Amino acid sequence: MSTVNQKLAESLEVLRKLQDVGLAVIKSSEIGRVHRERLVKYGFLQEVLKGWYFIKPAEEQTGDTTSWNNAYWKFCARYLEDLYGTEYFISPDQSLLIHTGNYTVPKQLI
C-alpha cells in the first residue's frame with residue numbers, strides 16, 4: 001500500500017510532466033481527478049475557474065498573488081483559445097501594453 005508521500009510524489013511527477021511541455025495553466029481534462037484533487041489539497045494547484053487551475057508553490061502564503069500574476073496571461077491565452085479558437089482579440093490599449101513588454105495584470109481585461 002502506498003504512503004501519502006508516495007502518492008503525492010506520483011501526483012507531482014504528473015505535474016512535472018505537464019510543466020515540461022510548457023503548461024503553467026491546466027485544464028481539468030489534462031490531469032486525472034485523483035492527481036488534481038491531491039495537488040489542490042496540498043497547495044500545488046489553485047482553481048481559477050471551474051475546471052481551470054494554475055500551478056503554484058505549496059509554500060505560498062494565503063493572499064500572495066505572485067503566482068497568479070505570473071500565470072495570468074497564460075491563463076487568458078489558454079482560456080480564450082479554448083472558448084473561441086483564434087476568433088478573439090483584446091483591446092488595442094492592452095495589446096499595445098503587452099507589445100511594449102508591460103504584462104501588468106489589468107483590473108479588467110477587455
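Is Asn70 buried or exposed? At 55% relative accessibility, Asn70 counts as exposed (buried means under 20% relative accessible area, exposed over 50%, and partly exposed in between, with a 1.4 Å probe and protein chains only). This is a predicted model, where local features need pLDDT of at least 70 and side-chain atom pairs count only at pLDDT 80 or more, while totals for chains, interfaces and linings use all residues. Residues are numbered from 1 along each chain as its sequence is written, and side-chain values use heavy atoms, with hydrogens and water left out.

**Asn70**
- Asn70 sits in helix 3, residues 66-84 (helices, H or I with at least four residues, and strands, E with at least two, are DSSP runs numbered from the N terminus).
- The C-alpha atoms of Asn70 and Val105 are 9.1 Å from each other, with the two residues 35 apart along the chain.

- Three strands make an open sheet, in the order 1-3-2, with antiparallel pairing (two strands pair if DSSP finds at least two bridges between them).
- Strand 1 (25-27) and strand 2 (45-49) are at the edges with a single partner strand each, so one side of each has no neighbour in the sheet.
- On average, neighbouring strands here are turned by 35 degrees against each other, direction ignored (axes are lines fitted to C-alpha atoms, for helices over the stretch in contact, and angles run from 0 to 180 degrees between N-to-C directions).
- Strand 1 pairs with strand 3 (residues 52-55) over three bridges, in the antiparallel sense.
- Ile26 has Tyr53 in strand 3 as its bridge partner.

**Helix 2 and its buried side**
- Helix 2 (residues 33-41) has Arg36, Arg38 and Leu39 as its buried residues.
- Looking down the axis of helix 2, these buried residues fall within an arc of 165 degrees, so they line one face of the helix (the arc is that of the directions from the helix axis to the C-beta atoms).
- Their cover includes helix 1 (4-20), strand 2 and strand 3.

**Arg36**
- Arg36 belongs to helix 2, and is buried yet has no salt bridge (a side-chain nitrogen of Lys or Arg within 4 Å of a carboxyl oxygen of Asp or Glu).
- The nearest side chain of opposite charge is Glu37, 4.6 Å away (Lys and Arg count as positive, Asp and Glu as negative; His and the chain ends are not counted).
- Leaving aside neighbours within four places in sequence, Arg36 is in contact with Ser28, Ile31, Leu45 and Tyr53 (contact means heavy atoms within 4.5 Å).

**Salt bridges**
- The whole structure has five salt bridges.
- In one of them, Arg16 and Asp20 meet at 2.4 Å, N to O; being four residues apart in helix 1, they are separated by about one helical turn.
- Arg16 is partly exposed at 37%, whereas Asp20 counts as exposed at 52%.
- Asp82 forms a salt bridge with Lys27, with the closest N and O atoms 2.8 Å apart; this pair links distant parts of the chain, Asp82 in helix 3 and Lys27 in strand 1, 55 residues apart.
- Asp82 is partly exposed at 40%, and so is Lys27 at 25%.
- Glu30 and Arg78 also meet in a salt bridge, at 2.4 Å, N to O; Glu30 lies in the loop between strand 1 and helix 2 and Arg78 in helix 3, so the pair ties together parts 48 residues apart in sequence.
- Salt bridges that share partners join Glu13, Arg16 and Asp20 into one network.
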